[in-house]
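User: I'm new to this one and would like to know how the labels get decided. Could you walk me through it?

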Amino acid sequence: MADVKLNDLSKKISLPLPTIQAAIKYWEEAEIITKKGTGYIVNNIQEIELNKLYSPKLTISKESIQNMEKICQTCLYLGL
């Protein structure tokens, strides 16, 4: 996998740099990505979701499903 600079990503997908930075912050808070050194790694989303399924929580909110759909669509768009 190639290293991608945020400025280059911003130009390639035609989004302002602050938008990309906000998305990265959101993904970090959602534990989808983790900062490692000078880059990021994509966490195992399947493992995260399986852990959520087997936790004592009995239902998943509609908002959680919608958020995950948005994240998956973005990951597919970025080729992750």
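Analyst: Let's start with Ala 22, which has a relative accessible area of 46% and so counts as partly exposed. Ala 22 sits in helix α2, and its C-alpha atom is 24 Å from that of Glu 47, a residue 25 places away along the chain. Keep in mind that this is a predicted model.

User: Fine. What is the overall layout of the protein chain, from the N terminus on?

Analyst: The elements run α-α-β-β-α-α, which gives four helices and two strands. The C-alpha trace spans about 40 × 25 × 20 Å along its principal axes. Of the 80 residues, 18% count as buried. The chain exposes about 6700 Å², with carbon and sulfur atoms supplying 57% of that area.

User: Why is Ser 10 called buried?

Analyst: Its relative accessible area is 13%, and buried means under 20%, so Ser 10 gets that label. Ser 10 is in helix α1. Not counting residues up to four places away in sequence, Ser 10 touches Leu 15, Pro 16, Leu 17 and Ile 20.

User: And what makes Ile 41 partly exposed?

Analyst: The value for Ile 41 is 38%. Buried needs under 20% and exposed needs over 50%, so at 38% Ile 41 ends up as partly exposed. Ile 41 belongs to strand β2, residues 39–42. Leaving aside neighbours within four places in sequence, Ile 41 is in contact with Ile 32, Ile 33, Thr 34 and Lys 36.

User: How do you know that there are zero disulfides in the whole structure?

Analyst: A search of the whole structure turns up zero. Take Cys 72: the nearest cysteine sulfur belongs to Cys 75 and is 6.4 Å away, and Cys 72 is in no disulfide. A disulfide needs two cysteine sulfur atoms within 2.5 Å.

User: Which residues make up the largest nonpolar core?

Analyst: There are 10 residues: Leu 9, Ile 13, Ile 20, Ile 24, Trp 27, Ile 32, Ile 33, Met 68, Ile 71 and Cys 75. The elements that give two or more residues to this core are α2 and α4, with α4 covering 62–78. Cys 75 passes the burial part because its relative accessibility is 9%. As for Ile 71, its contacts beyond four places in sequence are Tyr 26, Trp 27 and Ile 32. In soluble globular proteins, nonpolar side chains tend to be buried together.

User: Then what makes the nonpolar surface patch?

Analyst: Leu 50, Leu 53 and Tyr 54 make it, and it covers about 380 Å². A patch residue needs over 30% relative accessible area. Leu 53 has 60%, so Leu 53 clears that mark and counts as exposed too. Leu 53 is in helix α3, which covers residues 45–53.

User: Where is Glu 31, and why is Glu 31 called exposed?

Analyst: Glu 31 is in the loop between α2 and β1 (33–36). Its relative accessible area is 52%; the label needs over 50%, so Glu 31 counts as exposed. Glu 31 also has a positive phi, near 65°, and is a residue other than glycine.

Note on methods. Residues are numbered from 1 along each chain as its sequence is written. This is a predicted model: local features need pLDDT of at least 70, side-chain atom pairs count only at pLDDT 80 or more; totals for chains, interfaces and linings use all residues. Side-chain values use heavy atoms; hydrogens and water are left out. Patches are made of residues with over 30% relative accessible area and no salt bridge: like charges are joined within 9 Å, nonpolar side chains (Val, Leu, Ile, Met, Phe, Trp, Tyr) within 5 Å. Accessible areas come from the Shrake-Rupley method with a 1.4 Å probe; for residues, only the protein chains shown count as cover. A salt bridge is a side-chain nitrogen of Lys or Arg within 4 Å of a carboxyl oxygen of Asp or Glu. Buried means under 20% relative accessible area, exposed over 50%, partly exposed in between (1.4 Å probe, protein chains only). A nonpolar core is a set of buried Ala, Val, Leu, Ile, Met, Phe, Trp, Tyr and Cys residues joined through side-chain atoms within 4.5 Å. Contact means heavy atoms within 4.5 Å.
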